[in-house]
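Hi there,

Here is the structure I promised to pass on.

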Amino acid sequence: MSTLLDQLTSCVSPERLRDLTLELVRIPSPTGDSVDVTAFYTETVRGLGLPVEMLTDYPESPSTIARWENTPDGPTITLDGHVDTIHADHVPPYVEGERIYGRGAGDMKSGIAAMIEATRVLIENDVRLRGNLILATHSLHEAPVGHMEGLKALIARGDVFVDAAIVAECGFDTLPIRGKGQCLFEIEITREGEVLHENVARPRGVSNPLEQAARLAHRMLQRHEELSVHADPLIGPETYFLGQIHGGDFYNRVPTRAFMNGTYRYLPDKDWPDVYREVDAQIAAIDWPADITVTRKLFGNGLGYQVSPEAGIVQALRNAYHTIVGRELPLEGNLSVSDVNVIAREAGIPVVAHGTGSTTSHADLEWVDLPNIVRTTKVFIATILNYLGVEEGS
Ligand SMILES: [Zn+2]
């Protein structure tokens with residue numbers, strides 16, 4: 001196995017990875033507009049000899065499934081990635097030394113390039129896996145335009161995420177096995193009537209929505225403190241965070257509306273009804289005046305998740321990382337929601353994230369270092385060999 005692995009990793013081409021990443025980055029794909037980049041990706045994967053199925057449930061944001069079936073009744077590993085980027089201006093893509101700059105370079109077109117290159121190396125070396133490889137891509141990942149619809153539709157098919165998955169994004173030097181869920185809340189506090197002078201409103205008992213928003217904000221911060229005593233060893237306690245509070249337009253005018261939003265991040269034991277109950281309980285804890293109406297919207301990007309450290313894919317990846325990098329891959333927790341949350345909870349399979357380690361996702365200037373893409377590609381190859389096994393004589 002180790003000779004085979006040496007042979008395969010020596011075939012990983014930094015030039016190809018650089019060019020592929022750059023070509024993917026050169027095709028803009030802000031969320032909701034990923035037809036062109038998907039066409040390029042599809043053509044590249046078909047060039048490896050794999051059939052690619054294109055799903056157009058969301059016509060401007062197609063998903064793809066490429067299957068390499070070696071042993072139909074063997075296990076399957078799914079490599080997953082999103083091809084959309086956030087909507088944010090960026091200077092045109094360029095390369096400087098070993099660094100590739102461009103929107104999507106880190107998040108996560110270099111991860112897509114690593115998925116393709118790992119597959120190319122395995123196919124071109126005639127490796128006969130004792131199982132199957134699926135490459136899955138989708139879009140509608142980046143909020144607020146996307147709500148993971150592409151991924152959720154792939155999961156709902158039931159034949160894409162079947163045994164184990166690797167999401168080719170995020171860091172590479174730690175392995176998250178437990179992650180918090182996230183609920184984005186938006187709360188609108190309104191009253192009937194006109195904007196009034198404070199000295200007219202108060203004597204008449206007219207409520208100030210902004211002051212009522214402050215009461216709810218205070219309640220949520222109190223709840224944050226209450227929750228802080230129960231900390232999970234990997235991901236800490238559940239939290240409330242306030243992102244925006246708006247209301248009013250003048251120092252002594254009583255407005256008719258206030259708005260607040262923020263997040264409630266919670267532990268993996270929660271399901272959606274628990275999440276709704278928790279946030280609603282904070283709203284219900286306020287003794288709202290009769291002239292105030294409160295409406296809330298809750299958006300879930302993903303429930304919390306937990307993957308067993310004993311899961312085959314976790315062990316395959318950790319062993320692969322050790323072989324390629326020469327260090328242990330420590331287990332950790334993840335505070336942010338990613339595709340991993342959705343796959344773990346909705347497909348119900350063990351899933352790991354292993355990316356190219358860009359620290360500039362969503363930054364004004366986004367970049368990724370080529371040696372990290374090369375290393376991650378090698379780790380993918382070793383993980384696939386570890387997890388699926390190889391026929392004798394490969
Ligand atoms: Zn991403």
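Before the rest, some ground rules. This is a predicted model, in which local features need pLDDT of at least 70, side-chain atom pairs count only at pLDDT 80 or more, and totals for chains, interfaces and linings use all residues. Residues are numbered from 1 along each chain as its sequence is written.

**Overall picture**

The protein chain has 11 helices and 18 strands; helices (H or I, at least four residues) and strands (E, at least two) are DSSP runs, numbered from the N terminus. Along the principal axes, the C-alpha atoms fill a box of roughly 90 × 45 × 35 Å. Of the 394 residues in the protein chain, 43% are buried. Here a residue is buried if 20 or more other C-beta atoms lie within 10 Å of its own, exposed if 12 or fewer, and partly exposed in between, with C-beta atoms placed from the backbone. Among contacts in the protein chain with a separation of 6 or more, 80% come from residues 24 or more positions apart. Two residues are in contact if their C-beta atoms, placed from the backbone, lie within 7 Å.

**The β4-β5-β18 sheet**

Back to the pair I asked about. Strand β5 (residues 99-101) is joined to β18 by three bridges, and the two run antiparallel. Both belong to an open sheet of three strands in the order β4-β5-β18, with antiparallel pairing; two strands pair if DSSP finds at least two bridges between them. β4 (94-96) and β18 (367-369) are the edge strands, each pairing on one side only. From one strand to the next, the twist averages 20°. Helix α4 packs on the sheet, where α4 touches β5 and β18 and makes about 45° with the direction of β18. Helix α11 also lies across β5 and β18, at about 60° to β18. Axes are lines fitted to C-alpha atoms, for helices over the stretch in contact, and angles run from 0 to 180 degrees between N-to-C directions.

**Helices packed against α11**

Two packed helices are described by the angle between their axes and the distance between the axes. For α4 (residues 105-124) and α11 (residues 370-388), the axes come within 9 Å and cross at roughly 50°. That angle makes α4 oblique to α11; angles under 35 degrees count as roughly parallel, over 145 as roughly antiparallel, 65 to 115 as roughly perpendicular and the rest as oblique. The crossing of α4 and α11 is right-handed (a crossing is left-handed if the near helix is turned anticlockwise from the far one by less than a right angle, and right-handed if clockwise). Residues making the contact include Ala 114, Glu 117 and Ala 118 of α4, and Thr 377, Phe 380 and Ile 384 of α11. By class, the contact of α4 with α11 has 10 nonpolar, three polar and one charged residue. Ala, Val, Leu, Ile, Met, Phe, Trp, Tyr, Cys and Pro count as nonpolar, Asp, Glu, Lys and Arg as charged, and the others, Gly among them, as polar.

Helix α9 (residues 312-325) packs with α11 at an angle of about 130°, with the axes 8 Å apart. α9 is therefore oblique to α11, and their crossing is right-handed. Among the residues that meet are Ala 316, Ala 320 and Ile 324 in α9, with Val 379, Ala 382 and Tyr 387 in α11. The contact of α9 with α11 divides into 10 nonpolar, five polar and two charged residues.

**A closer look at Thr 377**

Apart from neighbours within four places in sequence, Thr 377 is in contact with Val 12, Leu 17, Ala 114, Glu 117 and Ala 118.

β7 pairs in the parallel sense with strand β3 (residues 76-82) over four bridges, where Val 167 is the bridge partner of Asp 80. β7 also pairs in the parallel sense with strand β17 (residues 351-353) over three bridges, and Ile 166 stands opposite Val 352 there.

Strand β2 (residues 63-69) pairs in the antiparallel sense with strand β1 (residues 52-55) over four bridges. β2 pairs in the antiparallel sense with strand β6 (residues 132-138) over six bridges. Ala 66 stands opposite Val 52 and also opposite Leu 135 in β6.

Happy browsing!
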